[in-house]
Amino acid sequence: KPYTSVELNNIITNNSGGIDTIAIQRDLVKSAETFFQNRLSQDLDENDKKYRKLKNEITQEPKYKKLTLEHQKQQYFEQRLDELMRAKDLSDDDIKTKSKNVYRNVSQFLKFFYIGRVVYVRSFGENIKGVCTNVIIDKKKKNPYAPSGIRIVIALASSYKQFDLVLSGEQGDKLASIMGTSQGIERWVEEQLIEDWDYDCRKSSVSRKIVYIVTGNILQGFAKYGNVSRKLISFTTKDGSVRKGIILPDNYNPTEKAQNFINVPFDRAADYIKNADNGTDFISGKIKLSKLWNGDYKLYVPASSQNYGHIFKDLDIIGLSTNTRDGFLSISNQMVSIFIANNIVELCKILGFKHKLSLSMHPNVYDNYFTNETVKKVKTREQERAEEQYKQDLNLFEKRKTNIKKFDSDDKQKSLMVAKAKAIALKLKRLRIAQWQGN
């Protein structure tokens with residue numbers, strides 16, 4: 001069961017220590033900024049020491065030692081020094097870019113979540129009220145501001161009770177989605193949080209209700225319902241036996257789950273993606289495009305060069321990202337890149353036309369967004385290929401008709417002359433035969 005209003009109030013008071021929660025948030029953001037600045041300076045100093053050592057060791061390199069003439073050694077030394085200087089500049093830029101991207105990722109969460117912040121968790125078309133009860137950072141660690149080490153705790157007014165999520169991986173995506181659905185919450189909602197909490201809990205927690213539990217092969221169940229918030233539980237049946245299963249969300253609708261999703265090419269869904277709410281995810285197989293709370297977009301591609309390298313190494317896509325030099329960064333088992341809203345239509349065109357990716361869309365969303373006029377324009381790849389083949393065949397047919405007409409007009413007289421020549425030749429032949437018979 002969810003926390004009661006008394007329990008929730010005690011948790012918030014204990015975690016804040018009686019200090020203004022906005023002040024705590026400002027201190028965390030400032031500490032993170034200072035940490036990343038100091039860490040960047042250390043990394044640049046270490047990089048400088050590394051290349052200074054390489055510079056001092058040029059004369060010890062095997063190629064240098066093989067040279068016998070002084071001018072050859074001098075030329076080799078200058079050439080290697082220039083190579084090392086250029087490599088150091090590139091390495092410095094790489095260090096700065098990575099530090100900037102990690103800080104940007106961490107700071108967007110720290111600037112949004114604070115103790116007492118009311119949020120909404122989107123689940124099957126409904127918003128479940130929650131509140132951030134703690135932002136946990138272990139400053140004793142060597143890298144306390146690593147995304148995988150920062151935890152956001154959210155209490156929920158539902159049977160899930162609370163989420164404890166880190167900033168990286170799928171949990172980070174969940175937090176980004178929560179940020180998107182929680183934009184624009186009025187201040188008075190936070191002020192009346194404790195007063196309204198029990199009522200919100202009663203709406204989702206009743207003494208008896210219908211829930212859906214996946215039983216049988218638990219591993220297959222987790223795989224099948226991987227896109228649904230789910231939790232492994234033990235439950236007691238009517239006969240008293242205890243079993244394990246996967247409990248699905250309170251508002252899970254099996255009839256909606258049974259419907260087939262519609263695939264729409266990314267290039268055809270560009271306007272829908274551009275105008276979608278913050279926090280919306282767009283799925284294409286194992287590839288995901290997420291609209292962030294600030295209006296930017298984040299593209300997740302599996303880090304498999306063999307299967308997906310043609311996407312995260314695509315220079316056209318990299319050119320549209322906020323990091324035009326590296327494009328995608330490796331985070332866990334994903335390659336991730338960020339795009340501003342102004343570039344999203346062009347990105348969708350590349351994903352649709354060039355890489356043939358389609359967006360999996362719920363039938364209800366498809367029916368509500370795409371008007372009849374738009375639906376007519378949405379065609380399958382097979383239809384497009386068939387129409388293209390038809391145009392090619394039609395053009396070829398027209399060329400053949402033109403050739404036939406030219407033959408009829410240009411060669412008509414030639415055919416007549418050939419016929420006359422054959423007639424004259426036949427007459428001459430008969431005349432020769434008659435003369436031979438007369439002799």
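**Entry 1**

I began with F113, which counts as buried at 2% relative accessibility. This is a predicted model, so I take every value here as computed. I then looked at F112, which also counts as buried, at 4% relative accessibility. How are the rings of F112 and F113 arranged, stacked or edge-to-face? I found an edge-to-face pair, with 5.0 Å from centre to centre and 75 degrees between the planes. I noted why two values are given: a pair of aromatic rings is described by the distance of the centres and the angle of the planes.

I saw R117 over the face of the F112 ring, at 3.9 Å from the ring centre. I looked up a second case of this kind: K288 lies over the face of Y300, at 5.0 Å from the ring centre.

**Entry 1: the other aromatic pairs**

How many aromatic pairs does a search of the whole structure find? I got eight. One of them is F35 with Y145, a tilted pair. Their centres are 5.3 Å apart, and the planes stand at 45 degrees. I checked where the two residues sit. F35 belongs to helix α2 (residues 21-56) and Y145 to the loop between β2 and β3, so this pair ties together parts that are 110 residues apart in sequence. Both F35 and Y145 are buried. I also followed the links from ring to ring: F35, F36, Y103 and Y145 form a cluster.

**Entry 2: a residue in the loop**

I stayed with the loop between β2 (126-136) and β3 (151-156), because I137 has its place there. Is I137 buried or exposed? At 15% relative accessibility, I137 counts as buried; the cut-off for buried is under 20%. I listed its contacts, leaving aside neighbours within four places in sequence. They are L28, L110, P144, Y145 and I150. So Y145 turns up again, now as a contact of I137. The C-alpha atoms of L28 and I137 are separated by 9.0 Å, although the residues are 109 apart along the chain.

**Entry 3: salt bridges**

I turned to charged side chains. Side chains of opposite charge can pair when their charged atoms come close. A search of the whole structure finds 14 salt bridges.

R39 and D43 form one, with the closest N and O atoms 4.0 Å apart. Both are in helix α2, four residues apart, which puts about one helical turn between R39 and D43. R39 is partly exposed, with a relative accessible area of 29%. D43 is partly exposed as well, at 26%.

D92 and K88 form another, with 2.8 Å between the closest N and O atoms. Both lie in helix α4 (residues 70-110), again four residues apart, about one turn of the helix. D92 counts as buried at 12% relative accessibility, whereas K88 is partly exposed at 21%. I found that these two belong to a network of salt bridges that links D48, R52, K88 and D92.

D316 lies in helix α12 and K354 in helix α13 (residues 344-354), so the pair ties together parts that are 38 residues apart in sequence. D316 is partly exposed, with a relative accessible area of 43%. K354 is partly exposed too, at 46%.

**Entry 4: one face of a helix**

Which residues of helix α11 (residues 305-312) are buried? I noted Y308, G309, I311 and F312. Seen down the axis of α11, these buried residues fall within an arc of 160 degrees, so they line one face of the helix. I then asked what covers them. The cover includes β10 (287-291), β11 (297-302), α12 (315-320) and β13 (334-339).

**Entry 5: two faces of a strand**

My last stop was strand β14 (residues 358-361). In a regular strand the side chains alternate between the two faces of the sheet. I saw this in β14: L359 and M361 point to one face and are buried. I looked for a partner strand and found β8 (residues 262-265). Four bridges join β8 to β14, and the two run antiparallel. In this pairing, P265 stands opposite S358.

Definitions and conventions. Residues are numbered from 1 along each chain as its sequence is written. This is a predicted model: local features need pLDDT of at least 70, side-chain atom pairs count only at pLDDT 80 or more; totals for chains, interfaces and linings use all residues. Side-chain values use heavy atoms; hydrogens and water are left out. Buried means under 20% relative accessible area, exposed over 50%, partly exposed in between (1.4 Å probe, protein chains only). The arc is that of the directions from the helix axis to the C-beta atoms. Contact means heavy atoms within 4.5 Å. Rings of Phe, Tyr and Trp (its six-membered ring) pair if their centres lie within 6.5 Å; planes under 30 degrees apart count as stacked, over 60 as edge-to-face and the rest as tilted. A charge sits over a ring if NZ of Lys or CZ of Arg is within 6 Å of the ring centre and within 35 degrees of the ring normal. A salt bridge is a side-chain nitrogen of Lys or Arg within 4 Å of a carboxyl oxygen of Asp or Glu. Two strands pair if DSSP finds at least two bridges between them.
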